[in-house]
Amino acid sequence: MAVIAPSVLSADFAKLALEVEEVKAAGAEWLHFDVMDGMFVPNISMGIPVLKSLRKATDMFLDVHLMIEKPLRYTRQFCQAGADLVCFHVESDTRENIAAAIALARQLGKKTGVTLKPGTPLEELLPFVKDVDLVLVMTVEPGFGGQKFMEDQLDKVRRLREYICGQGLGCYIEVDGGIDENTAPLALEAGAKVLVAGSAVFGKADRAAAVAALKAK
Ligand code: DX5
Ligand code: ZN
């Protein structure tokens, strides 16, 4: 069964706690929290104080997607603010520093993930896979909600699944970007387990129906 992670980027921030309660009641298991610094991606979203408030407002699993330059600088703060999982972009720093960020988050008792932009070859991410709990395959260019699903990224999901199985690893594959009731089955078929969905959940008036539609397959 798929795990649904609504992306709060598409929520109404003026009533965030209520929005989160609704998607929890709708059956979503995780919350996806997109952090953007205006440098790594051409947008600015939210950061540590919002995560702290959200942590107090919900017991849902908080899946933090860091789209920031040199994330090692802020890994400790995001962990202490209440992240359950912290996910790092392989493009956001040197291989050594990304490995150090993963190690720090793990040392602080958190789950970890790595991710890559659509244009980045899967090979750049593979050295990290054995050390993380989750691999996120971006199915849009990171930076904005509401973009079109990039179907050509499904091949990466398939190759990743083969790699994970071949190595006897247990990490989850997550997909993020353009997931809706039509694209969710394609991602699940290719091997994804966790589906991030912003507009397909928070953009819909009936959140219960929206989550159910994503879980339908
Ligand atoms: C994009 C973010 C996504 C975004 C997904 O950079 O990483 O998590 O919120 O939004 P939708 O589901 O609307 O494509
Ligand atoms: Zn995201």
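This is a predicted model: local features need pLDDT of at least 70, side-chain atom pairs count only at pLDDT 80 or more; totals for chains, interfaces and linings use all residues.

H89 is found in strand β4, residues 85–89; strands here are DSSP runs of E of at least two residues, helices are runs of H or I of at least four residues, and both are numbered from the N terminus. Residues are numbered from 1 along each chain as its sequence is written, chains are lettered from A and ligands numbered from 1 in the order in which they are written, and side-chain values use heavy atoms, with hydrogens and water left out.

Is H89 buried or exposed? H89 is buried, because its relative accessible area is 0%; buried means under 20%, exposed over 50%, and partly exposed in between, using a 1.4 Å probe and protein chains only.

The side chain of H89 makes a polar contact with the side chain of H65, at 3.0 Å, and another with the side chain of E91, at 3.0 Å. A polar contact is a pair of N or O atoms within 3.5 Å; within protein, one must be able to donate a hydrogen and the other to accept it, and residues adjacent in sequence count only if both atoms are side-chain atoms. Leaving aside neighbours within four places in sequence, the residues in contact with H89 (heavy atoms within 4.5 Å) include F40, H65, M67, T115 and P142.

H65 leads us to the ligand. A polar side-chain atom of H65 lies 3.3 Å from an oxygen atom of ligand 1. Polar backbone atoms also lie beside ligand oxygen atoms: one of G143 at 2.7 Å, and one of G178 at 2.8 Å. Which residues come nearest to ligand 1? Of the 20 residues around ligand 1 (those with a heavy atom within 4 Å), the nearest are D34, G143, D176, G198 and S199.

A17 and G198 are 181 residues apart in sequence, and their C-alpha atoms are 16 Å apart in space. A17 counts as partly exposed, because its relative accessibility is 39%.
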